[in-house]
Amino acid sequence: MADADIAIVRIAPETSFKNKAYEALKDAILKMDIYSTPEPVMLDERALSERLGVSRTPIREAIAMLEQDGFVKTVPRRGIIVVRRTKTEIVDMIRAWAALESMAARLITTTARKRDISALRDFFKDFDLKNRLPQDHVEEYSKANIAFHQALISLSESPTLIDMTNDILLHVRGYRQLTIGRRDRTATSLPEHLAIIEALEARDTELAEKRARDHTLGLAAYVEAHGQELFT
């Protein structure tokens, strides 16, 4: 039998390295807490090359891709800066997250298994409003808060919702972390989370959707009102 005549182009090593560098850098950026300080978060091309074990050419190509995606910006004589959004942009992103998360809640009430919904309570099992207040353990509670919201999206089992929230996760998560330490936010956070879970467990689609949406819209309203104070 004759070999099939397939029109195929040899893969250039640089292309493979470029894509791998892009994925590695994007993943690292998405895990950053870029709003924890008012100072810009800088990336060093040489350091990235050494950390990833590749030449600077694929790093430059990956940076160009990340810049096109809006994750970084190259500033002359300063270097590579991880892009932070304005208060107006953040509020818009949080509102978009509210819409996406409320749809996730709707889907969860119709498709998720009972034990998976009940497992959402595990995020808050170490906190209560009498003996272990969230505001007394802010760092620990903040991690639980972020994990809960990501779990809601994941539990929807909607690849589209997951992809759409991934695009704004870096910024929405950053502002959740910034605001959760504010006492007026922390005091209402736990009861609202538990209320969402209760509606999900009851399979009350409309109520679960409303509670999830209102909870995140509350964050949007808070950032809109107090955004300028968050770094002071």
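# Sheet and helix packing in a predicted model

Colleague: How many bridges link strand S2 (residues 72-75) and S3?
Modeller: Two strands pair if DSSP finds at least two bridges between them. Val 72 stands opposite Val 82, and Thr 74 has Ile 80 as its bridge partner. S2 and S3 pair in the antiparallel sense, and the number of bridges is 4.

Colleague: Which residue in the S2-S3 turn has a positive phi?
Modeller: S2 and S3 form a hairpin, with 3 residues between them. The phi in question is about 65°. The residue is Arg 77.

Colleague: What is the order of the strands in the sheet?
Modeller: Strand S1 (residues 42-43) and strand S3 (residues 79-82) run antiparallel, joined by 2 bridges. Met 42 faces Ile 81 across that pairing. The sheet is open, with 3 strands in antiparallel pairing, and the order is S1-S3-S2.

Colleague: Why is one side of S1 and of S2 left without a neighbour in the sheet?
Modeller: The strand order is S1-S3-S2. S1 and S2 each have a single partner strand, so one side of each has no neighbour in the sheet. The reason is where S1 and S2 stand: at the edges.

Colleague: At what angle does helix H3 (residues 56-68) run to S2?
Modeller: Helices (H or I, at least four residues) and strands (E, at least two) are DSSP runs, numbered from the N terminus. H3 lies across both S2 and S3. Its angle to S2 is about 115°.

Colleague: How far apart are the axes of helix H4 (residues 87-111) and helix H6 (residues 138-155)?
Modeller: Axes are lines fitted to C-alpha atoms, for helices over the stretch in contact, and angles run from 0 to 180 degrees between N-to-C directions. H4 and H6 pack at about 55°. They are therefore oblique to each other; angles under 35 degrees count as roughly parallel, over 145 as roughly antiparallel, 65 to 115 as roughly perpendicular and the rest as oblique. The distance between the axes is 8 Å.

Colleague: Left-handed or right-handed: what is the crossing of H4 and H6?
Modeller: A crossing is left-handed if the near helix is turned anticlockwise from the far one by less than a right angle, and right-handed if clockwise. The crossing of H4 and H6 is left-handed.

Colleague: How many residues in the contact of H4 with H6 are charged?
Modeller: Contact means heavy atoms within 4.5 Å. Trp 97, Leu 100, Glu 101, Ala 104 and Ile 108 of H4 meet His 149, Leu 152, Ile 153 and Leu 155 of H6. Ala, Val, Leu, Ile, Met, Phe, Trp, Tyr, Cys and Pro count as nonpolar, Asp, Glu, Lys and Arg as charged, and the others, Gly among them, as polar. The contact has 7 nonpolar and 1 polar residues, and the number charged is 1.

Colleague: At what angle do H6 and helix H7 (residues 159-180) pack?
Modeller: Their axes are 11 Å apart, and the angle is about 160°. That makes H6 roughly antiparallel to H7. The crossing is right-handed. To restate the angle: about 160°.

Colleague: At what angle do H6 and helix H8 (residues 183-201) pack?
Modeller: H6 crosses H8 in a left-handed sense. Phe 148 and Leu 152 of H6 are among the residues that meet H8, whose side includes Ile 196 and Leu 200. The contact holds 7 nonpolar, 4 polar and no charged residues. The axes lie 12 Å apart, and the angle is about 25°.

Methods. Residues are numbered from 1 along each chain as its sequence is written. This is a predicted model: local features need pLDDT of at least 70, side-chain atom pairs count only at pLDDT 80 or more; totals for chains, interfaces and linings use all residues. Side-chain values use heavy atoms; hydrogens and water are left out.
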